[in-house]
Amino acid sequence: MTKQFKRILITGAAGRLGSILRQDLHAYADVLRLNDIADLGELAEHEEGFICDLADFDRVLPLTNDVDLIVHAGGVPVENTFESILQSNIRGTYNIYEAARQNNVKRVIYTSSNHAIGFYDRTETIDANVAHRPDSLYGLSKCFAEDLGRYYWDKFAIESVNIRIGSSFEEPLDRRMLATWLSFKDFTQIVVRSMQAPRVAHMIVYGMSNNRESLWDNRFASSIGYVPEDSADDYREKVLANHPPLDPHDASARYHGGAFAGAGHFEDKK
Ligand code: 15L
């Protein structure tokens, strides 16, 4: 059967979420071009391996050549030094968009993060139209990337879906994740819907499963047909039994971003 896409580029393909995409997206594309700075292991027949640092534009240009779309999951996945956030997430994401423009790639799916809005108080339920409120340099790099996508849409008609991922793990690992959890299956679904939607312009959606407790109003995701099938509630009793409640006045408990909001400046001496 012919697949919908000829070639999809996945950056960060050796990472936790990139590996899920590597496994699941072959159903939609003849060829998966996989990028990371880490080893990608053995490549299947339908896979092209491309080890390079996204901060190096001369490598990113050929990386994005002849692809139908880009799923950009590469970069530093948590708080780090400013220098590494700058190189991997800020310069790296700029390089992806600029190379996409030069190679005429028309859509980028970006794994953004809830840490772009991590300083909203948990008493507030927010949608994807609220102003950025980053809780870390990492979160700030996600804000930059979302705005970069908007700029490349407004000026160059490159579409993007920015998926503000909550917490995507095998199962919810603490009380906060009862609200922020995104199952791996739902993660694949929201990426696939983002790839298949006929028109997305520049969108921001939340990457969250169907959790009863929720910090985010995800109504915009319904326009691309995302209907989460899993729920953190299936793990609720286990999580509550294993994780005592935090002090509700502590910053790690008060804000959407959890421990990222509660942490100090990464480079301060501990
Ligand atoms: C993220 O952005 C991280 O990549 C992930 O490791 C988790 O910490 C997640 O946010 C979260 O907020 O739970």
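Trainee: How many nonpolar, polar and charged residues does the shell around the ligand have?

Mentor: Sort by residue type: Ala, Val, Leu, Ile, Met, Phe, Trp, Tyr, Cys and Pro count as nonpolar, Asp, Glu, Lys and Arg as charged, and the others, Gly among them, as polar. Here the shell has five nonpolar, five polar and two charged residues. The model is predicted: local features need pLDDT of at least 70, side-chain atom pairs count only at pLDDT 80 or more, and totals for chains, interfaces and linings use all residues. Residues are numbered from 1 along each chain as its sequence is written, and side-chain values use heavy atoms, with hydrogens and water left out.

Trainee: Which residues are around the ligand?

Mentor: A residue counts as near if one of its heavy atoms lies within 4 Å of the molecule. The residues here are Arg16, Pro77, Val78, Ser113, Asn114, His115, Tyr138, Gly166, Ser167, Phe169, Arg176 and Phe260.

Trainee: What percentage of the ligand's exposed area does the protein bury?

Mentor: Accessible areas come from the Shrake-Rupley method with a 1.4 Å probe; for residues, only the protein chains shown count as cover. Taken alone, the ligand exposes 320 Å², and the protein buries 85% of that.

Trainee: How many aromatic pairs does a search of the whole structure find?

Mentor: Rings of Phe, Tyr and Trp (its six-membered ring) pair if their centres lie within 6.5 Å; planes under 30 degrees apart count as stacked, over 60 as edge-to-face and the rest as tilted. The search finds eight pairs. In one of them, Tyr138 and Phe260 have ring centres 5.8 Å apart and planes at 45°, so the pair is tilted.

Trainee: Where do Tyr138 and Phe260 lie?

Mentor: Helices (H or I, at least four residues) and strands (E, at least two) are DSSP runs, numbered from the N terminus. Tyr138 lies in helix 4 (residues 137–156) and Phe260 in helix 9 (residues 259–262), so the pair ties together parts that are 122 residues apart in sequence.

Trainee: Is Tyr138 buried or exposed?

Mentor: Buried means under 20% relative accessible area, exposed over 50%, partly exposed in between (1.4 Å probe, protein chains only). Tyr138 has 7%, so Tyr138 is buried. Phe260 has 24% and counts as partly exposed.

Trainee: Why is the pair of Trp181 and Tyr235 edge-to-face?

Mentor: Their planes are at 70°, with centres 5.3 Å apart, so the pair is edge-to-face. Trp181 is buried at 2%, and Tyr235 is partly exposed at 24%.
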